[in-house]
Amino acid sequence: MRGRHPNHRLLFETAADQLGYFTAAQAQDCGFTWNLLSHHARSGRFIRIRRGLYRLRDYPSSPREEVMAAWLAAGRDVAAVSHASALDLLDLSDVIPDTIHLTVPRSKRHLPSLPGVTIHTTTKPLGSRDVITRSGIRATSATRTILDTAEAGVAPEQIELAIEQAIERGLTTRQQLDAAAGGRTRRVTTLVRDALQKIPP
């Protein structure tokens, strides 16, 4: 839609799927030029969050909007909410993240610094089994999240709780966790398999 008249309805629909946020590229796809974006930011109709990221001023606030904003700022096509932030997004365990965790490919590790955000990198691309969409946000799957947080040193009792809840809710299976754990460090493999043994069949 570049070069056409601005489509306010389409921009609203795009932002509504992202808790009121949108990127400059998405706005341009809806027909908004840089000058028009700047005009609306100056007038207060759009709030400029950081370079390339905006929010509709009158859109209702949401409990996880800071996670959405960080994910969009890092790149919605390359980043995924991960580690403790993904546990929170999936409502697994009682861990309360003190930062927003995102995982990106190692090739994207030189992202601009994002306040309150911890960037993790991976050399193996996140495959379809590694990611899910929750509340419109791309996040690591329950299996991947549990293994990542175990590797990051989250308390064993929280990992055990996350495993029990994830299996109970059908977010993963014993077989998936056992197989995936085999590709991690010995400590993580032992932690996950010990936790699986404690859960009644």
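Guide: Helices (H or I, at least four residues) and strands (E, at least two) are DSSP runs, numbered from the N terminus. This is a predicted model, in which local features need pLDDT of at least 70 and side-chain atom pairs count only at pLDDT 80 or more, while totals for chains, interfaces and linings use all residues. Residues are numbered from 1 along each chain as its sequence is written, and side-chain values use heavy atoms, leaving out hydrogens and water.

First, the setting. The protein has nine helices and eight strands, and its C-alpha atoms fill a box of roughly 60 × 30 × 30 Å along the principal axes. Of its 201 residues, 43% are buried.

The part I have picked is helix H7, residues 156–168.

Which residues of H7 are buried? They are Gln-158, Ile-159, Ala-162, Ile-163, Gln-165 and Ala-166. Here a general rule is handy: an α-helix has 3.6 residues a turn, so residues three or four places apart point the same way. Helices H5, H6, H8 and H9 are among what covers the buried residues of H7. Here and below, contact means heavy atoms within 4.5 Å.

Leu-161 also sits in H7, but it counts as partly exposed because its relative accessibility is 23%. Leaving out residues up to four places away in sequence, Leu-161 touches Ser-93 and Asp-94. Arg-138 is 23 residues from Leu-161 along the chain, and their C-alpha atoms are 23 Å apart.

To compare directions, axes are lines fitted to C-alpha atoms, for helices over the stretch in contact, and angles run from 0 to 180 degrees between N-to-C directions. The axes of H6 and H7 come within 10 Å and cross at roughly 175°. Angles under 35 degrees count as roughly parallel, over 145 as roughly antiparallel, 65 to 115 as roughly perpendicular and the rest as oblique. H6 and H7 are therefore roughly antiparallel to each other. On the H6 side, Ala-142, Ile-146, Thr-149 and Ala-150 meet Ile-159, Ala-162, Ile-163 and Ala-166 of H7. This contact has seven nonpolar residues, one polar and no charged ones. In this count, Ala, Val, Leu, Ile, Met, Phe, Trp, Tyr, Cys and Pro are nonpolar, Asp, Glu, Lys and Arg are charged, and the others, Gly among them, are polar.

A nonpolar core is a set of buried Ala, Val, Leu, Ile, Met, Phe, Trp, Tyr and Cys residues joined through side-chain atoms within 4.5 Å. The largest such core holds 22 residues, and Leu-92, Ile-146, Ile-159, Ile-163, Leu-177 and Val-192 have the most contacts inside it. Another core, of 20 residues, lies apart from it and includes Tyr-21, Leu-72, Val-104 and Val-117.

Setting aside neighbours within four places in sequence, Leu-92 is in contact with Leu-87, Ala-142, Ala-162, Gln-165, Ala-166, Arg-169 and Leu-171. Arg-169 lies in the loop between H7 and H8, and counts as partly exposed because its relative accessible area is 40%. Arg-169 and Leu-92 are 77 residues apart along the chain, yet their C-alpha atoms are separated by 9.9 Å. Beyond four places in sequence, Arg-169 touches Leu-90, Asp-91 and Leu-92.

Finally, where H7 ends, Gly-170 follows with a positive phi, near 75°.

Notes:
Buried < 20%, exposed > 50% of the residue type's maximum accessible area, 1.4 Å probe, protein only.
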